[in-house]
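Visitor: Could you guide me through the pockets of this protein, one step at a time?

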Amino acid sequence: MEQTYIMIKPDGVQRGLVGEIIGRFEQKGFILKGMKLITVNKSLAEKHYADLSAKPFFHKLVDYIISGPVVAMVWEGKNVVTTGRKIIGATNPCESAPGTIRGDFAIDMGRNVIHGSDAVESAKKEIALWFPEGLAEWQSSLRSWVYE
Ligand code: DAT
Ligand code: MG
């Protein structure tokens, strides 16, 4: 089953949005396979955003991600990468539709509350980077009520 890496950024944790955000993924029917609250070191943040290292906003982005604890999660389900991005909304919260997490809870691009993998391949890389210890092995008892 497909998995994605979802991270509540330091602003989302500080603003008390952890329960709300987890609830949206849970209520959709996705399954939580890994979760931890961690303060990120600079090297991990730089690796996570390595593809953006040439961008002018890279250093600001890294400083923001290490500015407080984040909630790192792995969610599992059919099409969870693409659907997860829809639940999150557009990168710029001004363009995120109401009903999405960024559309409902964010204004600035540099405080957009949450990260979600953008493709199945990047999800695999990000899960390996953030959860080198591996994930929880379990099956939801609700499975047959979510999938036909
Ligand atoms: P996303 O987080 O939607 O996958 P991304 O991977 O392109 O977006 O960029 C990572 C983060 O970097 C994004 O959540 C916010 C920040 N960012 C992206 N483009 C930016 C820009 N033009 N100016 C400032 N910050 C930006
Ligand atoms: Mg991205």
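**Pockets and their linings**

Guide: Let us start with the lining of the largest pocket, to which helix H7 gives the largest share, four residues. Please keep in mind that this is a predicted model.

Visitor: Which elements give two or more residues to the lining of the largest pocket?

Guide: The pocket is lined by 26 residues, and among these Tyr 49, Leu 52, Phe 57, Leu 61 and His 115 lie nearest its centre. The elements that contribute two or more residues each are helix H3 (42-48), helix H4 (58-65), strand S4 (114-116) and helix H7 (120-130).

Visitor: How many charged residues does the lining of the largest pocket have?

Guide: When the lining is sorted by class, eight residues are nonpolar and eight are polar. The remaining class in that lining, the charged residues, has 10.

Visitor: What is the volume of the second largest pocket?

Guide: This pocket is lined by 17 residues, and the closest to its centre are Gly 29, Phe 30, Ile 31, Trp 138 and Ser 140. For the largest pocket the volume is about 860 Å³, whereas the space in the second largest pocket is about 240 Å³.

Visitor: Which element gives the largest share of the lining of the second largest pocket?

Guide: By class, this lining has nine nonpolar, four polar and four charged residues. Two or more of the lining residues come from each of strand S2 (31-38), strand S3 (70-76) and helix H8 (143-146). The largest share, three residues, is given by strand S2.

Definitions and conventions
Residues are numbered from 1 along each chain as its sequence is written. Chains are lettered from A and ligands numbered from 1 in the order in which they are written. This is a predicted model: local features need pLDDT of at least 70, side-chain atom pairs count only at pLDDT 80 or more; totals for chains, interfaces and linings use all residues. Side-chain values use heavy atoms; hydrogens and water are left out. On a 1 Å grid over the protein atoms alone, a cavity is a set of points where a 1.4 Å probe fits but cannot get out, and a pocket is an open set with protein on both sides within 12 Å along at least five of seven lines; lining residues have an atom within 4 Å of a point. Grid points are joined across faces, edges and corners, and a volume is the space filled by probe spheres set on the points. Ala, Val, Leu, Ile, Met, Phe, Trp, Tyr, Cys and Pro count as nonpolar, Asp, Glu, Lys and Arg as charged, and the others, Gly among them, as polar.
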